[in-house]
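Below is a short briefing on one protein chain, grouped by topic. Please look at the sequence and the model before reading on.

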Amino acid sequence: MSRTLSQNTSDNSVNKGPNKALDIVFAAKTDTGRVRKHNEDAIYSNSDKNLWVLADGMGGYACGEVASALTVETIVKAADNGTEITSAIQAAHAAVISR
């Protein structure tokens, strides 16, 4: 199973104001690869929040899809609460380790 997301942010607030520097066009895709039968990766993309997260499910380890989903969920919630990205990533790491 593959997952694909794409969006053009040319009308996004990233590009407004006196410091308009670039248009962001992005696409994201995960793939099961040649060995696994299911996809354990998790992707989150939201140009309105300027947040893109990809968590590799580490196929071959128990519950890789759970860890990747928890990672993305934790980072998104932390970012929504105003947490800096480094702290959000550390919170996701702690959440996975404690699971």
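This is a predicted model: local features need pLDDT of at least 70, side-chain atom pairs count only at pLDDT 80 or more; totals for chains, interfaces and linings use all residues.

Residues are numbered from 1 along each chain as its sequence is written, and side-chain values use heavy atoms, with hydrogens and water left out.

**Overall layout**

- The protein chain holds two helices and four strands; helices (H or I, at least four residues) and strands (E, at least two) are DSSP runs, numbered from the N terminus.
- Read from the N terminus, the order of elements is β-β-β-β-α-α.
- The chain has 99 residues, of which 30% count as buried, where buried means under 20% relative accessible area, exposed over 50%, and partly exposed in between (1.4 Å probe, protein chains only).
- Of the contacts (heavy atoms within 4.5 Å) between residues at least 6 apart in sequence, 42% join residues at least 24 apart.

**Nonpolar core**

- The largest nonpolar core has 11 residues, among them Tyr44, Leu51, Val72 and Ala88; such a core is a set of buried Ala, Val, Leu, Ile, Met, Phe, Trp, Tyr and Cys residues joined through side-chain atoms within 4.5 Å.
- At least two residues of this core come from each of strand 3, strand 4 (51–55), helix 1 (64–80) and helix 2 (85–98).
- Helix 1 contributes the most, four residues.
- Ala78 is a member of this core and, neighbours within four places in sequence aside, is in contact with Thr83 and Ala88.

**Helix pair**

- The axes of helix 1 and helix 2 come within 8 Å and cross at roughly 145°; axes are lines fitted to C-alpha atoms, for helices over the stretch in contact, and angles run from 0 to 180 degrees between N-to-C directions.
- On the helix 1 side the contact includes Leu70, Thr74 and Ala78, and on the helix 2 side it includes Ile85, Ala92 and Val96.

**Two loop residues**

- Asn39 is found in the loop between strand 2 (25–30) and strand 3 (42–46), and is buried at a relative accessible area of 6%.
- The side chain of Asn39 reaches the backbone nitrogen of Asp41 at 2.9 Å.
- Asn50 lies in the loop between strand 3 and strand 4, and counts as partly exposed at 44% relative accessibility.
- Asn50 has a phi near 55°, a positive value in a residue other than glycine.

Note on methods
A polar contact is a pair of N or O atoms within 3.5 Å; within protein, one must be able to donate a hydrogen and the other to accept it, and residues adjacent in sequence count only if both atoms are side-chain atoms.
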